[in-house]
Amino acid sequence: MALDIIANHWWARFLEKVNLMAPAIIQKIEADGVRRGSLRWFFERVAQTDNSRCFYCNADLSNTTAVRHIDHVLPWSFLLADPAWDLVLACGRCNLGKSDRLPNRRFINLLETINRQRVARMPEFMRGSPPLPTGGISQLYDAARAVEWPNAWEPALL
Ligand SMILES: [Zn+2]
């Protein structure tokens, strides 16, 4: 299952980090093998499910001139994938400010709530995505924290 692979991947990476004799095979595979894909499909789905606001700071993104970013709540560089349940609309300021960091844990709880609403409104919302682990997104969040991923990012106050 895809998420077991992710968990094993980060466990292997953690071992490489703590064992200086390890050959860093995982890091080399990462650098070569993974490409980021287009997320246009995500805009089409969230248009039917989410309100047009920034997930983090609640800025209104419904204006046609507003630039909508897609943010990976658990960083892409951690998951190396684009599962629908990890993606949110964000303003440019939050998306660029957050970068590769994990947000404060309260955003994980919010993301789990939003994902339940998405599936209720559009049953095919998660189509094509790896399934969530039984422990949900918070289990992956804890795994990222366990390898000391930078965390507790908060949006800047307006
Ligand atoms: Zn924002």
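A residue counts as buried here if 20 or more other C-beta atoms lie within 10 Å of its own, exposed if 12 or fewer, and partly exposed in between, with C-beta atoms placed from the backbone. By that rule, 22% of the 158 residues of the protein chain are buried. This is a predicted model, in which local features need pLDDT of at least 70 and side-chain atom pairs count only at pLDDT 80 or more, while totals for chains, interfaces and linings use all residues. Residues are numbered from 1 along each chain as its sequence is written.

**Overall fold**
- The protein chain has 7 helices and 2 strands (DSSP runs of H or I with at least four residues, and of E with at least two, numbered from the N terminus).
- Along the sequence, the pattern reads α-α-α-β-α-β-α-α-α.
- Of the contacts between residues at least 6 apart in sequence, 72% join residues at least 24 apart; a contact means C-beta atoms, placed from the backbone, within 7 Å.

**Around valine 67**
- Valine 67 sits in the loop between helix H3 (40-49) and strand E1 (69-72).
- Valine 67 is exposed because it has 10 other C-beta atoms within 10 Å.
- Its C-alpha atom is 6.7 Å from that of cysteine 91, 24 residues apart along the chain.

**Where H6 meets H7**
- In H6, Ile108, Leu111 and Glu112 meet Gly136, Ile137, Ser138 and Tyr141 in H7.
- By class, this contact has 4 nonpolar, 2 polar and 1 charged residues (Ala, Val, Leu, Ile, Met, Phe, Trp, Tyr, Cys and Pro count as nonpolar, Asp, Glu, Lys and Arg as charged, and the others, Gly among them, as polar).

Notes. Two residues are in contact if their C-beta atoms, placed from the backbone, lie within 7 Å.
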